[in-house]
Amino acid sequence: MSSKKIGTKTASTFVIANMIGTGVFTSLGFQLCSLTNPISIALIWLIGGLIALSGAVVYSELGAAMPRSGGEYNYLSVIYHPALGFMSGWTSLLVGFAAPVALSCMAMSSYLCNIFPAIDETSFAMAMLTLITLLHAIDAHVGTKTQNILTAIKIAIILVFIVAGLIVAPDGTENFAQVQDFQWSDVFSSAFAVSLIWVYYAYSGWNAAAYISGDIENPRRNVPLALLSSTLFVIILYLCLNMVFLRTTPVGEMQGQIEIGLISAKHIFGVQGGEVMGILITVMLVSSISSMVYVGPRVAVTMGEDHRLFRFLAKKNKKGCPSVAIWTQYAITSTMLLTGSFRLITEYTGIVLSFCALLTVGGVIVHRRRFPDVERPYKTWAYPLPAILFCAIILWSIVYMMYNDYEKTFVAHTQNAPWTMILSMGTVLTGLLFYWVNKKLSKDKKE
């Protein structure tokens, strides 16, 4: 069985590819519905980046102290209790990666079908998912090499987009006329708060290297390096990219729109050039899908190594690929694509996954107190401020989302049931149920 590890460069490509997905090419259109000042927009993306960086700083310490694949599953099991870790791993296995993969597949198809209407969105999404899964399921080395190439292409496309957007005559000059009208009160408005939630989701993926620590060479050094360098790099790219969107495209054309990248590209490169860039944006999303197809199953493998009920997920082929876990995630993702249920799932998983990240980042304080003698090759900068900042903002966003669900159901009566709350609690409870079943099976086997 192959035991070849990946280096810092490849680990970083997984983080970058996980972070740069659909969010940065879709979020701005919704932000502009309530905020149009460029300084406010820049601050949203900067603050969102600082939140992600705060999380990455803490995960770097935990990853260096507990260098094993699994991310939150591993950390929560050690810091608090195996049941809490199992619940987190169960969420990741069920929807944590499958839903974002499905969403990225459909976003990729949507971009392409806007250029080639004859293409069936679902069929194309399924075909790409199958092809990418095959690359990762056959040979881990081929999968990582492919990921390096795809991420390099993604970065090159974004850099070309940014440079071209700074060179061409600006069509969005009027957008910057409001700069002098900026007021700090905007930062404390509800519109800013709502936009910040979606921006944070655009940064999600900053913790990707933590999920594959066991596959990384010298993880005590390379996990922190991959997390921090990649997150800083993406923050800079996101700020530049959104300023280019505003510089090249009138606000009115972007408000409420999803394909912001395609709209802006047509202003930069012309209609035909914009369509070519739209195709290239589709290629960029392949990198995100590939990264999540690789990373997600590593959580399932770690769970399989620890729990008898999921032992089958830990099986690897002769090339070192966790093929069973990869195809299990493929089956879940395919179901979401074919039924369209991933949109609802994506909404509610945000709460559960944010809660797991909240417990993990806050857990660095608990870990230091419970395990004071553990070797910590890397320590959180300005401890405990990054953990406090991250937890405060994420807790606020969770409360906001839950309240929003409550308000829609019981105040505005715009939906029949509080599905976000129901599905979130259902995921947690089923995870705890399976943990109990697994524990009972393991106990019976010992007896």
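Helices in this note are DSSP runs of H or I of at least four residues, numbered from the N terminus.

The model is predicted: local features need pLDDT of at least 70, side-chain atom pairs count only at pLDDT 80 or more, and totals for chains, interfaces and linings use all residues. Residues are numbered from 1 along each chain as its sequence is written, and side-chain values use heavy atoms, with hydrogens and water left out.

1. Loop between H15 and H16. Ala 382 lies in the loop between H15 and H16 and has a positive phi of about 50°, although it is not a glycine. Its relative accessibility is 52%, so Ala 382 counts as exposed (exposed is over 50% relative accessible area, buried under 20% and partly exposed in between, with a 1.4 Å probe and protein chains only). The loop between helix H15 (342–370) and helix H16 (385–411) also holds Pro 384, and the peptide bond from Tyr 383 to Pro 384 is cis, with omega near 5°. For context, most residues other than glycine have a negative phi, and most peptide bonds are trans.

2. Asn 218. A positive phi of about 45° is found at Asn 218, which is not a glycine. Asn 218 is in the loop between helix H10 (208–211) and H11, and at 41% relative accessibility it counts as partly exposed.

3. Arg 298. This residue belongs to helix H13 (residues 260–306) and is buried, with a relative accessible area of 6%. Its side chain makes a polar contact with the side chain of Asp 215 at 3.1 Å (a polar contact is a pair of N or O atoms within 3.5 Å; within protein, one must be able to donate a hydrogen and the other to accept it, and residues adjacent in sequence count only if both atoms are side-chain atoms). Beyond four places in sequence, the residues in contact with Arg 298 include Ser 69, Tyr 211 and Pro 322, where contact means heavy atoms within 4.5 Å.

4. Phe 14. Located in helix H1, Phe 14 is buried at 0% relative accessibility. Phe 14 and Ser 291 are 277 residues apart in sequence, yet their C-alpha atoms are 5.4 Å apart in space.

5. H1 against H8. Helix H1 (residues 8–19) and helix H8 (residues 140–167) pack at an angle of about 55°, with their axes 9 Å apart; axes are lines fitted to C-alpha atoms, for helices over the stretch in contact, and angles run from 0 to 180 degrees between N-to-C directions. The two helices are therefore oblique to each other (under 35 degrees is roughly parallel, over 145 roughly antiparallel, 65 to 115 roughly perpendicular and the rest oblique). Among the residues making the contact are Phe 14 of H1 and Thr 144 of H8.

6. H6 against H13. The axes of H6 and H13 come within 9 Å and cross at roughly 155°, which makes H6 roughly antiparallel to H13.

7. Enclosed helices. In helix H2 (residues 23–31), 8 of the 9 residues are buried, so H2 is largely enclosed by the rest of the structure. Its buried residues are covered by elements including helix H3 (38–65), helix H6 (98–115) and H13. Helix H5 (residues 82–96) is likewise largely enclosed, because 12 of its 15 residues are buried; among them are Phe 86, Trp 90 and Leu 93.
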